[in-house]
Amino acid sequence: MSASEEYILIIEDSPTLALTYREYLKPIGIRTEIAETGKQALDHIYSQVPTVVLLDLKLPDMEGIDILKQLRKEKMASRVIVITAHGSVTVAVEAMRDGASDFLLKPFTAERLTTTVNNALELSRLSTLVERFSSGTPKKFDRFIGDSSVMQAVYRMIEDSAPSKASVFIMGPSGTGKELCAEAVHQMGPRKEKRFVALNCAAIPENLIESEIFGHVKGAFTGAASDRPGAAVSADGGTLFLDEICEMPLDLQTKLLRFIQTGQVVPVGSNTPVKVDVRFVCATNRIPTEEVAAGRFREDLYYRLHVVPIHMPPLKERGQDVLEIAKHLLTQYAAEENKKFTGLSEDAQSRLLSHSWPGNVRELGNVIQSIVVLNDSELLTADMLRPILGNVPVQPLAEASRPVGLSEPKHPSSPSVLPHVNSPNIEPLAVVERRTIEHAISLSGGRVRAAAKALQVNPSTLYRKLASWE
C-alpha cells in the first residue's frame, strides 16, 4: 500500500476522545477516519482496509474484540492498537493474543499515541515490502525492477516522500533511473492526476532554457510568433521535474529561486506574474555540494531544493538485480523482435554479474537489445556477451552474485576506501564510524531511517555520510 492510500481508523464511542485522538495524530499527515460504533467501523473497513486501527474495546453495539477477530478472519493487514483502561490490562493482553499489534492504557499523551501509531505504520510498510519481494510475483516497485537492500531503501524513501509537497533531490550516476524515481514520486502522491512535466537542463540551449521553463509572450524574441506557456505553467497542480539541475546557468538559478519563494513565474517578454502551484523534483549526476563549493550552483537554491535527498545506487551495487533486470529486458526485446529468447545461461549470468556496468541500467539495456537483434536462441549465453563485454575473467556465480553496498559493506580497512593506519591496535575514527553505520543499515534491512533511529542520529546525517562515501 502506498503512503497516499494509507489511513488510520479510530474506533471510539466517545466523540470527544475520538476528536482528541485525531488532533493528536495530525502531525503524522495521514488521513484519519472516526467510527463511533462497531457497525460504522465495519463499514469503513470493508470500504477500504485501514493501515492502522485504534480500537476501543467497549463499544455500544458490540465488543471491540469481535472487530479484531473479524479483521484476522478476513486476513486483513491492518495493524490494530487496542485502547483500554488501567483496570483492563488482562483484556489487552488477550487482544494481543488475538492479533493486536500493541495497546495503550488510558489516559495517554499525544507523544505516546503518535509514537505507537508511527511504529505501527513502519511495520505495515515493511510488511508490504517483504510480501512484495518474497511472493512469486515479479520483483517490481512501480517501474523499477529488483529487490536489493540498496533499492529497498530507495523504495522506502519514495513511499515516504510521495504524499508530501516537499522538494525531492535525486542524485546518482547517469543511467541509474533518476527519472523513473521522479515519476514514481509523482505517481504515488496526491498530484498523480495532474501532469508530470520533465525538463532536461543539459539538453536545452542556454539561450532557450528560460523560455522553456517560464514560457514567453508573442514578440519576446526573434521567432516568438505566439504566446507559449512554459514547463512551469504546464505542470500547474502537478510535478515539475528538472533533470541535470546543476547544468542550469547561474542567472536562471536566481529566477528559479524567486519562483520557488513566490510561487509565481514571469514569462519572457512579460511583466505580469503568473501564479503556479508545482512540486519540484530535481536530479543530477554530479555531487551538488561540490558544485556549490565551486560556485557553479547557488547555495540558497541548493538548500531550497535539497529537502528530501534520494540516492540512486549504481548498478554494480545492486547484486542480483542485474539478473532480474536482464531477464525482464530479454523478454521485452525478444517480443519486440519476434525472437525466441526465454532466459539466461549460467555462464551468461556469471558474466553479467562480473561486469562493472559503468553505464548502469542504460548500458545493460543496450547490451541485451544488441544481443537480441544479432542472435536468435532460447538462451542468452556468455559467448553472445563476449563481443560486447570482452573477455574479462568470470567470477564464480555464487561469488559474483554477492551483493555489495549497504547490505555487504566493504572491509573498512581497505586502502581504496579509507586511510590506513599502521598501528595494529588503533583504527581511524572514520573507519569505526563507517563500519558502525553500515552494520546498522544492514541490520535494519537497508532502511536508513530505521538505522538512524537505532543510532539515535538524524536520518539526514546518514544520507550525507552515504553520499560522501560514494
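1. Start at Pro107. This residue is found in the loop between strand S5 (102-105) and helix H5 (110-134). A cis peptide bond joins Lys106 and Pro107. Its omega is about -10°. Most peptide bonds are trans. The link is thus worth a look on the screen. Bear in mind that this is a predicted model.

2. Stay with strand S5 for a moment. Asp102 is found in this strand. Is Asp102 buried, partly exposed or exposed? At 26% relative accessibility, Asp102 counts as partly exposed. Its contacts include Val80, Ile81 and Val82. Met96 and Thr116 also touch Asp102. Residues up to four places away in sequence are left out of that list. Ile83 is 19 residues from Asp102 along the chain. The C-alpha atoms of Asp102 and Ile83 are separated by 8.9 Å.

3. Now the overall picture. The protein chain has 20 helices and 16 strands. It holds 470 residues, and 46% of them count as buried.

4. Next, the aromatic pairs. How many does a search of the whole structure find? It finds eight. One of them joins Phe141 and Tyr155, with ring centres 4.4 Å apart. The planes lie at 10°, under the 30 degrees that mark stacking, so this pair is stacked. Phe141 lies in strand S6 (residues 140-141), and Tyr155 in helix H6 (residues 149-161). The pair therefore ties together parts that are 14 residues apart in sequence. Both Phe141 and Tyr155 are buried.

5. Tyr155 has another aromatic partner. Phe144 and Tyr155 form a pair that is tilted. The distance is 6.0 Å centre to centre, with 45° between the planes. Phe144 sits in strand S7 (residues 144-145), and Tyr155 in helix H6. These two residues are eleven apart, and the pair links distant parts of the chain. Phe144 is buried, as is Tyr155. Phe141, Phe144 and Tyr155 form one aromatic cluster.

6. Look at the loop between S6 and S7. Asp142 lies there. Asp142 is not a glycine, yet it has a positive phi of about 55°. Most residues other than glycine have a negative phi. Asp142 is partly exposed, with a relative accessible area of 36%.

7. A further positive phi turns up at Glu244. The value is about 50°, and Glu244 is not a glycine either. Where does Glu244 lie? It lies in the loop between strand S10 (239-243) and helix H10 (250-262). Is Glu244 buried or exposed? Glu244 is buried, with a relative accessible area of 11%. That value is under 20%, so the residue counts as buried.

8. A charge and a ring meet at Tyr7. The charged end of Arg31 sits over the ring of Tyr7. The distance from the centre of that ring is 4.4 Å.

9. Leu330 is found in helix H13 (residues 321-337). Leu330 is buried, with a relative accessible area of 1%. Which residues does Leu330 touch, not counting those up to four places away in sequence? They are Phe341, Thr342, Gly343, Leu344, Ile368, Val372 and Leu380. Leu330 and Gly365 are 35 residues apart in sequence. In space they are 8.8 Å apart, C-alpha to C-alpha.

10. Last, a helix pair. Helix H18 (residues 429-443) and helix H20 (residues 459-469) have axes that come within 12 Å. The axes cross at roughly 115°. H18 and H20 are therefore roughly perpendicular to each other. H18 passes H20 in a left-handed crossing. On the H18 side, the meeting residues are Glu433, Arg434, Ile437, Glu438 and Ile441. On the H20 side, they are Leu462, Lys465, Leu466 and Trp469.

Technical notes: Residues numbered from 1 in each chain as written. Predicted model: local features only at pLDDT ≥ 70, side-chain atom pairs only at ≥ 80, totals over all residues. Heavy atoms only, no water. Phe/Tyr/Trp six-rings, centres within 6.5 Å; stacked < 30°, edge-to-face > 60°. Helix = DSSP H or I, 4+ residues; strand = E, 2+ residues; numbered from the N terminus. Buried < 20%, exposed > 50% of the residue type's maximum accessible area, 1.4 Å probe, protein only. Lys NZ or Arg CZ within 6 Å of the ring centre and 35° of its normal. Axes fitted to C-alpha atoms, helices over the stretch in contact; angles between N-to-C directions. Parallel < 35°, antiparallel > 145°, perpendicular 65-115°, else oblique. Left-handed = near helix turned anticlockwise from the far one by under 90°. Contact = heavy atoms within 4.5 Å.
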